[in-house]
Amino acid sequence: MYLEVTEVKKSYGTGEGCQEVLKGVSFTMEQGSTASIIGSSGSGKSTLLNCIGALEVIDDGDIRIDGRSMKGLGKRARGEYRRDNIGYVFQFFNLLPDLNIRDNIRIAEKLTDKPLEYGMLMDQMGLSGIESKYPNQLSGGQQQRVAIARALIKNPKLLLCDEPTGALDSKTAKDTLILLEKVNETIGTTILMVTHNQVIPQMMRQNLVMKDGRIIENTLNENPVRASELVGL
């Protein structure tokens, strides 16, 4: 199994102010698969994603990617784990405003010895010809494409997406999902996506539902809908 999350627990605060956010979360994903995590606000979705992405330190349990455990890793080792395994796409893009599109993307290229080929990636992302523009000169959809390209150029094994369509209109959201579908199919990137949108799970091969810090449903989707066919985004 490619991604293994085993009895992961995470709390914030101490004593009477301690808040238990993840309460023993377990699931697995196969390499090259796609999965969604849905649930109400406060259910622990983003915290779980941050733990898998080594942005947060878990209190107990274990997370393994391709057999490599995160357990007991120090700050530097977690950074190396992120560098070697993880691409991250955020809802609000997090592009550097003082860098043009080319530099926003290529700054991440330096994090790996085996990056994707820049020109090929620009063509796939539909960004060829606008590399000299700055983030404030782009539409929301273009900015999200840049954010995805930045995450992908270091050729991550796992792409974590935290509400990647949440700040986009319906058409742009669908275009973004079509792009992520293409990335999964052509590059083989494993994709795990947190979303509030109840439609998006239809295109995923696995769907997780969280409530109160636990996974209450974990189902496989044998007949995913094509992103282009999603209705009601």
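**A guided look at the model**

Thr190 is found in strand S8, which spans residues 190-194. Helices (H or I, at least four residues) and strands (E, at least two) are DSSP runs, numbered from the N terminus. This is a predicted model, in which local features need pLDDT of at least 70 and side-chain atom pairs count only at pLDDT 80 or more, while totals for chains, interfaces and linings use all residues. Residues are numbered from 1 along each chain as its sequence is written, and side-chain values use heavy atoms, with hydrogens and water left out.

Buried means under 20% relative accessible area, exposed means over 50%, and partly exposed lies in between (1.4 Å probe, protein chains only). Neighbours within four places in sequence are left aside in what follows. Thr190 is then in contact with Tyr2, with the run Met29, Glu30, Gln31, Gly32 and Ser33, and with Lys157, Leu158 and Leu159. Contact means heavy atoms within 4.5 Å.

Ala147 is another buried residue, at 1% relative accessibility. Ala147 lies in helix H5 (residues 140-152). Leaving aside neighbours within four places in sequence, Ala147 is in contact with Val89, Phe93 and Leu95. Phe92 is 55 residues from Ala147 in sequence, and the two sit 9.2 Å apart in space, C-alpha to C-alpha.

Now take Ile216, in strand S10 (residues 214-220). Ile216 touches Val209 and Lys211, not counting residues up to four places away in sequence. Gly166 is 50 residues from Ile216 along the chain, and the C-alpha atoms of the two are 23 Å apart.

Turn to the charged side chains. How many salt bridges does the structure hold? There are 10. A salt bridge is a side-chain nitrogen of Lys or Arg within 4 Å of a carboxyl oxygen of Asp or Glu.

One of them joins Glu80 and Arg76, at 3.7 Å, N to O. Why are these two about one helical turn apart? Because they are four residues apart in helix H2 (residues 75-85). Arg76 is exposed, at 70% relative accessibility. Glu80 is partly exposed, with a relative accessible area of 27%.

Lys171 is exposed, with a relative accessible area of 60%. Asp175 is partly exposed, at 28%.

A further salt bridge links Arg226 and Glu185, at 2.6 Å, N to O. Arg226 lies in the segment after S10 and Glu185 in helix H6, so the pair ties together parts that are 41 residues apart in sequence. Both ends count as partly exposed: Arg226 has 37% relative accessibility, and Glu185 has 45%. Elsewhere, salt bridges that share partners join Arg68, Arg83 and Asp84 into one network.

Which residues form the negative surface patch? They are Glu7, Glu20, Asp59 and Asp60. Patches are made of residues with over 30% relative accessible area and no salt bridge, with like charges joined within 9 Å and nonpolar side chains (Val, Leu, Ile, Met, Phe, Trp, Tyr) within 5 Å. Asp and Glu count as negative, Lys and Arg as positive, and His and the chain ends are not counted. The place of a charge is taken as NZ of Lys, CZ of Arg, CG of Asp or CD of Glu. Accessible areas come from the Shrake-Rupley method with a 1.4 Å probe, and for residues only the protein chains shown count as cover.

Stay with Glu7. Glu7 is partly exposed, with a relative accessible area of 44%. Its backbone deserves a look as well. Phi of Glu7 is near 50°, a positive value in a residue other than glycine.

Ala54 also has a positive phi, near 60°, and is likewise a residue other than glycine. Ala54 lies in the loop between helix H1 (45-52) and strand S4 (60-65).
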